[in-house]
Amino acid sequence: MSEYNFENSKPQIKSELKPNINPDLKKSFEANIKTRFKTHFSDILNKNLLQNAILLEGTDKETRDMAAKFFSAYAVCKSEQKPCLDCNPCKKVINDIHPDIIKINPSGAANIVKLKDLREALKKADIAPNEADKKVFVILDADKTLREDSQNTLLKTVEEPTSDVLFIFTAENSLALLPTILSRLQVINLNASIDFDSETSLLAQKIADAIISINEYELLLELNKIKNNAQLTEVLKFIEEYLRLALLSSGKQKSSSSFTAQKLSKKLTKERILSLLDVTRQAKLDSKTNIDTKLLCTFICTKYRRISWQK
Ligand SMILES: [Zn+2]
């Protein structure tokens, strides 16, 4: 394949064309795997629970992209301890030149995956892999790059995947995908590794608890402890995670949900949790502007209370 010549091309051209080929990325990729991924995903990998179509969901884009590479390497690695990152297939994954990893990329001004590109790529699902045991299809940021027609096109292939195909999707927000496709994906949460014992997360927990408290001043009291917008952004990230966990534990999917999330899911309907999520995501965006912290906190308080206590 033409990709092979890539390794022999001049370094300066290589780095221009493929910014991913740089030693820093490899280092950070390895560090990420060693410190986080291998432990974080150990259950799925050791117990062989990986399905044929997975969705890696997380708020941090870099983590999502890294995790996609991690699972790509896992699928094609030839070593016992997968992914080893030392064998040839692993190196090819890190350098984005493995012939069995098919990335379906968005294009055009709208930055979406074109239907014809998708169809063209999916034809390869019927052809046996070149070097590896599996062919891997990767669609990054699927919640933003896949329109509804593309998601519908994917349904059939994802629904009846052959054992030698792995689909890897990433998304910031899985709920933005159609329920039909989402229900066929194994959702792997990348946020669960966030530190739920930090000071910020404890404050977020108190705020989340106060949303459903009978004492209506409690929520404002807790929100008023936030000192600045940077802290508010962090707190809102945790609240978003609690709400997301609450949503999951209210559905069929059982998750190792926190106590706070369980309480929220018991007290609130799915619709209310979704509304709270909307408010939280919008507030998170607002908190990154110059808006006054106290003003925004008061606004969040009013919105939260209205949603959780409306008749
Ligand atoms: Zn390997």
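**Close-up views of a predicted model**

**View 1. The zinc site is tetrahedral, with angles of 104 to 120° among its 4 donor atoms.** Four donors count as tetrahedral if all angles lie between 85 and 135 degrees. The protein donors are C77 (SG), C84 (SG), C87 (SG) and C90 (SG), 2.2 to 2.3 Å from the zinc ion. Donors are N, O and S atoms within 2.8 Å of the metal (3.2 Å for Na, K and Ca); water is not among the atoms, so sites may look incomplete. The donor spacing in sequence is C-x6-C-x2-C-x2-C. C77 and C87 are buried (under 20% relative accessible area, 1.4 Å probe, protein chains only).

The model is predicted: local features need pLDDT of at least 70, side-chain atom pairs count only at pLDDT 80 or more, and totals for chains, interfaces and linings use all residues. Residues are numbered from 1 along each chain as its sequence is written, and side-chain values use heavy atoms, leaving out hydrogens and water.

**View 2. Strand β3 (residues 135–139) has 5 of its 5 residues buried.** Strands are DSSP runs of E, at least two residues; helices are runs of H or I, at least four, and both are numbered from the N terminus. K135, F137 and I139 point one way from β3, V136 and V138 the other.

**View 3. β3 pairs in parallel with β2 (residues 101–103) over 3 bridges.** Pairing requires at least two DSSP bridges between the strands. F137 in β3 is the bridge partner of I102. With β4 (residues 165–171), β3 runs parallel over 5 bridges. There, F137 stands opposite F167.

How values were computed:
Buried < 20%, exposed > 50% of the residue type's maximum accessible area, 1.4 Å probe, protein only. Tetrahedral: all angles 85-135°; square planar, octahedral: opposite > 155°, others 65-115°.
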